[in-house]
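This report takes up backbone geometry, a helix pair and a ligand site. Please view the sequence and the structure together.

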Amino acid sequence: MSSPCPSFRYRTLLELALIASAIYIFLLGAPGLSNVLGSGKTAVPTPKVKQPLTKPDSLVFPDPDLKCPEHAYNVHVYSTKPLVIYIDDFLSAEEADSLVELSSTSWQPSTIFHAGAETHDPSVRNSDKALLPRTRLTQCVEARALAFQGWPANTFVERLWAQRYNASGHYARHYDWSGGGRAGRRESTFMVYLAGGGEGFAGGGTEFPMLERRAEGGWCEFVECEGAGEGTVFKVRKGAAVFWRNFDDEGRGVRETVHAALPVGEGVKVGLNIWSWWQRGLEVGDLVGGGEEEEGKKEEL
Ligand SMILES: *[C@@H]1O[C@H](CO)[C@@H](O)[C@H](O)[C@H]1NC(C)=O
């Protein structure tokens, strides 16, 4: 007569292992797993740098009473998995010029986050950055970015920063994940071109080494079709934006979103980052009443 005990014990162990791996994958976001998967043929950074899981204190939401002018742009879906969209005329030429003008007084060297600390390393990132004041225009751009995504709940934008790349200016391959996880994360990115492209400008495209190049269907207008390489390089076009989602539906960072700002060969490129941040449970009302800085910002409207 065999007792049911051995099989019972075996099942318990198996269940334990299943529960443990479920905890590993869903609760901890499978730390280490993406590093293992990351050893493919394309040289991309291993997504292991974790920043603190705190919400940025720079989250903003456009004034609900804001009246913004009508604006039309052209949407071109490049990839649905991951979601990558090229938006031509996301900003008008005048809007782009105005944002460059707003940046002009506050340029400072760009920094990177390494092992949780903010540092300046021109070999990784060589550019200047400027925090944009929250004028009516900047808030209308914030509103346009959130409207594009359907005003998702609990979603805000981080204060807007412009980035200036002179000749040889660049930003090495990186992720925008910002250590996000199940409680809050940098859900999406708009990389908007405020200046650059056209005559007297070369290089500076936004490279996605793991995103397969599409040369058919008219895409050569927006992506580099000449030269070797399997990845995608979006061309700099003033007013255009590249939009992508950094996370999948389960809240895991998408490896194919690794990207770089290629070196500028000639001319000056100015880019604008619009990052949408989702924070579990955070409501618009939680942001208002924010002290002197908010007061100062209002005056600039
Ligand atoms: C870019 O050019 C501007 C204007 O010439 C200069 O002030 C700035 O320091 C340069 N930035 C970098 C990162 O080289």
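The loop between strand E2 (74-80) and strand E3 (83-88) contains proline 82. In this predicted model, lysine 81 and proline 82 are joined by a cis peptide bond, with omega at about 0°.

Tryptophan 151 is placed between H4 and strand E9 (155-158). Its phi is near 45°, a positive value in a residue other than glycine.

Next comes the helix pair. Two packed helices are described by the angle between their axes and the distance between the axes. Helix H3 (residues 93-103) packs with helix H4 (residues 136-148) at an angle of about 125°. Their axes are 10 Å apart. Angles from 65 to 115 degrees count as roughly perpendicular and those over 145 as roughly antiparallel; H3 and H4 are therefore oblique to each other. Their crossing is left-handed.

Which residues make the contact? H3 contributes Glu95, Ser98, Leu99 and Leu102. H4 contributes Leu137, Thr138, Val141 and Arg144. By class, the residues of this contact of H3 with H4 divide into 4 nonpolar, 2 polar and 2 charged.

Now the ligand. Asn126, Asp128, Arg164 and Asn166 surround the ligand.

How values were computed:
Residues are numbered from 1 along each chain as its sequence is written. This is a predicted model: local features need pLDDT of at least 70, side-chain atom pairs count only at pLDDT 80 or more; totals for chains, interfaces and linings use all residues. Side-chain values use heavy atoms; hydrogens and water are left out. Axes are lines fitted to C-alpha atoms, for helices over the stretch in contact, and angles run from 0 to 180 degrees between N-to-C directions. Helices (H or I, at least four residues) and strands (E, at least two) are DSSP runs, numbered from the N terminus. Angles under 35 degrees count as roughly parallel, over 145 as roughly antiparallel, 65 to 115 as roughly perpendicular and the rest as oblique. A crossing is left-handed if the near helix is turned anticlockwise from the far one by less than a right angle, and right-handed if clockwise. Contact means heavy atoms within 4.5 Å. Ala, Val, Leu, Ile, Met, Phe, Trp, Tyr, Cys and Pro count as nonpolar, Asp, Glu, Lys and Arg as charged, and the others, Gly among them, as polar. A residue is near a molecule or strand if one of its heavy atoms lies within 4 Å of it.
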